[in-house]
Amino acid sequence: MVRFEGSDAELSDVSGRTGAPLSPQLSGSARPPTNLVRQPTTYNTLSRLGPRRKRTVKLGRSGNFVLEEKLPQTLLNRLAYGSTSGPEFSSIRYTACTSDPDNFVASRYTLRASTTAVPTELAIVVTLYNEGIAELTRTLFGIFQNIQYTCQKNKRGWNADGWRKIVVIIVADGRTKVNPSVLLGLQTMGIYMEGVEQSHVNGVPTSAHIYESTSQLCLDPKMNVWTTKDGIPPVNFIFCLKEKNAKKINSHRWFFNAFCTILQPRVCVLLDVGTRPTTKSIYRLHKTFLAEPNLAGACGEIKVDMSNWKSWFNPLVQSQNFEYKISNHLDKSLESVFGYIGVLPGAFSAYRYQALLDNMPGRGPLSSYFRGEEMHKASASETSTAEIFSANLYLAEDRILALELVAKPGSKWLLKYVKNAAAETDVPDTVPEFISQRRRWLNGSFFAQVYAVGNLGRMLAGRHSIARKFVFLVQAIYSFLTLVFTFLGPSQFATIFYFLFSFELQSLVSPRVATAFFLVYPTLLAVLFIASLGNRPQASKWIYKLAMIFFGAIALVMAALLVLKIINLVKDFSGLGLPWEVGTPASYLVSLGATYLIPLVGSLLQRDPWHMITSLPFYLVMLPSYINVLQIYAFCNLHDVSWGTKGDSTGSELPGVIISSKADSHEVEAEVDLVSAQDRETAYDDSLRELKAFLNVQDLRPVDPRTKQEDQYKSFRTNLLLTWLTLNCVVFGVATQSSEAVANGYIVVLLFATASIGVIRLLGVMFYLFINFCTTYCCGGSGPARPRKGEPGFDVPLEEVIGHGLDGVKGARIVGGNWENGFVVVVDKPPNVNGRGSNNGRGGARDVFLEA
């Protein structure tokens, strides 16, 4: 029996045998090159399939296009349950869904998992956008580990056949957006089949391509293959490939309103692709729901994936690791005691499905949650009427869902943190990605916290006990105070900076040097405001990197000055003094000790203190950037309520389906273009050879040309503005920090320079008048020249000139003109213009125009 345990991305059985390599051919000269670059044109091409051929297939009485196709024999030969084990294991079911997820059941669509007599206990959803095969295998591998562990338990309704009560649903956000390596991986596992997709059914566009199968093959992150012959359990999969990109919240609507409506699971688990649940986490979350009937939602600990050695030296990753640890050890634990957790992370959380259901149509947790989808659509519209508060609020729709569950009328649902259920996830390791993520988090969480405090009355109006309502009141006060404290974070940092640099630094260096150091902070703030107003972090990444470096240096200097201040206080007080006396060395030491000892004690109680050694120094250096850089960028971009991805309204062309009913029977048939079984066999063999090459593919997602040009324009604007501001500040600094004699000389020079410019302008006026006089009266006689008799423009009445123009006169030409009460222009027009015939034998009419 193969056992999936530990955090390793490799499996082994009792004999120590490791998973079989994905393809024996990938060795020696057949090894793929390491400098491959993923091209965007390959998004929908996995292998060289043959042409599609017309086939007539029989459908069910619902009239929906549902196709059952046999899996490739190459795959079935690897599995414990092969061709002779029935269609559950040997075939894949494809549905071309043309309905909205809310109308999935009403449109008479069904799911294969619901046709069995075994009820669904767990429904696990994995949402993905354009992530690669590495992120997918990390998540699915963890799910297989959890399902195997669950099947090994012989209690709480689980046994060796427990996999039948679990359905894993993968929702891909946009067919043209999905990574080709992901489709290759899913095809290798028998979850996806190429060549059966249909663009429309009887002219109705397909909204989602749904594949249902029972997978018996798993890929680990090293691309080794594990099958049911190695002891892994089968897993029921539903792969929903949305035709268009409509964001993550729409993917959740497919999961809850379409699939869960049919499956009716007890517990729903939400995972983001790239997040790996540890071996026992899902089982422990489910066990918590069984033990506590009033539990509506739960979350485990989100850990930062530190498997890459580079992460240990990356300040961004290390500071986030500390932040995640403290959030779990202190914040989540405290909120769990209250019974209301402000946010259940969408990357790894679980909900009781019955608690999510609406009380009445359009009112309830799910309706409030999915209101964010309409909000984002409205915000993207040119005629949007969405309020900016609501638009930012739904950047953190998972916080809305948590509040709606606790405040659900007529119920007393609670939320809980389950410490021993953990999941590892990737965090941003580059500055632009980090700032973009925190912009959504900070703005969404700020407005969500305001919304939660404002809706305290709804929480107190539920069926919760008096004691629980009092706890909610205390929590609301605590949340309000932390919200104010965070909102005023920059001013608190600036105050400490001011006192340390104004007093302590001047005792070490000259006043001018101290002033120069003091000006660094306001200069950084000005630069950040300029760079943040309208710029994407990708367009000004070096500005943010340099700002973070400078803030890190400021943090180190401030720490040194604080130590110096305490030493000076000890000398002044001839001792430490009393801790409750403000300003004594003891008061500083006690306050600092409490600030850093509390996280240490909390981590020791949680038996996880190592981040206090490895990550705390990085966090202290990055703390000024958290306070200043992230908050400034977030609040400067409150108008941006996007997720950083663009919707997709088009897709590459696919064939369609024509469905018809026989007049002499109740049979329904469809004419469909499909790839032959032999071509699919070839495609599967190709996928085995191609898949491992994607581990070496350099992931270069192309930037939209318009976005790239916009970034260049904004970057130029920012750089020019910063150059202008810098030069002016330098001039001001030099002038104000010089001696009195230099300052007086500068003022005199400035006044003379201003007067000189005025003199030059006056000379220009005089020369202009002189030239005009000579041109008018000396060179051309007295007054303007008048036309002679017979010349163009002679005796042309003024009223005949006014109102005429050259607009719309094709072929007109100027034939003369002169000065008199303005410039008279005589033009020839072609024949038959405005119905006029020839004139003076010229073949055209003559008009006169006056130009003032």
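Hi everyone, and a word on ground rules before the tour. Because this is a predicted model, local features need pLDDT of at least 70 and side-chain atom pairs count only at pLDDT 80 or more, while totals for chains, interfaces and linings use all residues. Residues are numbered from 1 along each chain as its sequence is written, and side-chain values use heavy atoms, with hydrogens and water left out.

Let's start on the outside. Phe470, Leu473, Val474, Ile477, Phe480, Leu481, Val484, Phe487, Leu488 and Phe635 make up a nonpolar surface patch, and together they have about 890 Å² of accessible area. For the record, a patch takes residues with over 30% relative accessible area and no salt bridge; like charges are joined within 9 Å, and nonpolar side chains (Val, Leu, Ile, Met, Phe, Trp, Tyr) within 5 Å. The areas come from the Shrake-Rupley method with a 1.4 Å probe, and for residues only the protein chains shown count as cover.

Which helix gives the most to this patch? That would be H14, residues 466–487, with eight residues. Helices here are DSSP runs of H or I with at least four residues, strands are runs of E with at least two, and both are numbered from the N terminus. Phe487 sits in H14, and its relative accessibility of 44% is why we call Phe487 partly exposed. The classes are buried for under 20% relative accessible area, exposed for over 50%, and partly exposed in between, with a 1.4 Å probe and protein chains only.

Now, let's go inside. Rolling a probe the size of a water molecule over the atoms shows where empty space is left. Searching the whole structure turns up one cavity of 30 Å³ or more, and the volume of the largest cavity is about 80 Å³. By cavity I mean a set of points, on a 1 Å grid over the protein atoms alone, where a 1.4 Å probe fits but cannot get out; lining residues have an atom within 4 Å of a point. Grid points are joined across faces, edges and corners, and the volume is the space filled by probe spheres set on the points.

What lines it? The lining of the largest cavity consists of Leu71, Pro72, Gln187, Gly190, Tyr192, Met193, Glu194, Arg680, Ala683 and Tyr684. Helix H21 (residues 677–691) gives the most to that lining, with three residues. By class there are six nonpolar, two polar and two charged residues; Ala, Val, Leu, Ile, Met, Phe, Trp, Tyr, Cys and Pro count as nonpolar, Asp, Glu, Lys and Arg as charged, and the others, Gly among them, as polar.

Met622, in helix H20 (residues 616–636), is buried because its relative accessible area is 7%. Its C-alpha lies 8.0 Å from that of Ala555, which is 67 residues away in sequence. His252, in helix H5 (residues 248–263), is buried too, at 2%.

On to salt bridges. How many does the structure hold? There are 17, each being a side-chain nitrogen of Lys or Arg within 4 Å of a carboxyl oxygen of Asp or Glu.

Take Arg138 and Asp426, whose closest N and O atoms are 2.9 Å apart. This pair links distant parts of the chain, 288 residues apart: Arg138 is in helix H3 (residues 133–152), and Asp426 is in the loop between strand S16 (414–425) and helix H12 (431–454). Arg138 is buried at 18%, whereas Asp426 is partly exposed at 39%.

Glu373 and Arg253 also form a salt bridge, at 2.6 Å from N to O. Asp608 and Lys325 pair up at 2.6 Å, N to O. They are 283 residues apart, with Asp608 in the loop between helix H18 (585–605) and helix H19 (611–614) and Lys325 in helix H7 (residues 315–338). Asp608 and Lys325 are both buried. Shared partners also join Asp100, Asp102, Arg253 and Glu373 into one salt-bridge network.

Last stop: backbone angles. Arg607 is not a glycine, yet has a positive phi of about 60°. Arg607 lies in the loop between H18 and H19 and is exposed, at 76%. Asn202, another non-glycine, has a positive phi near 55°. Its place is the loop between strand S6 (200–201) and strand S7 (204–205), and Asn202 is partly exposed at 41%.

Thanks, everyone!

Conventions:
1 Å grid on protein atoms, 1.4 Å probe; cavity = no way out; pocket = protein on both sides within 12 Å on 5 of 7 lines; lining within 4 Å.
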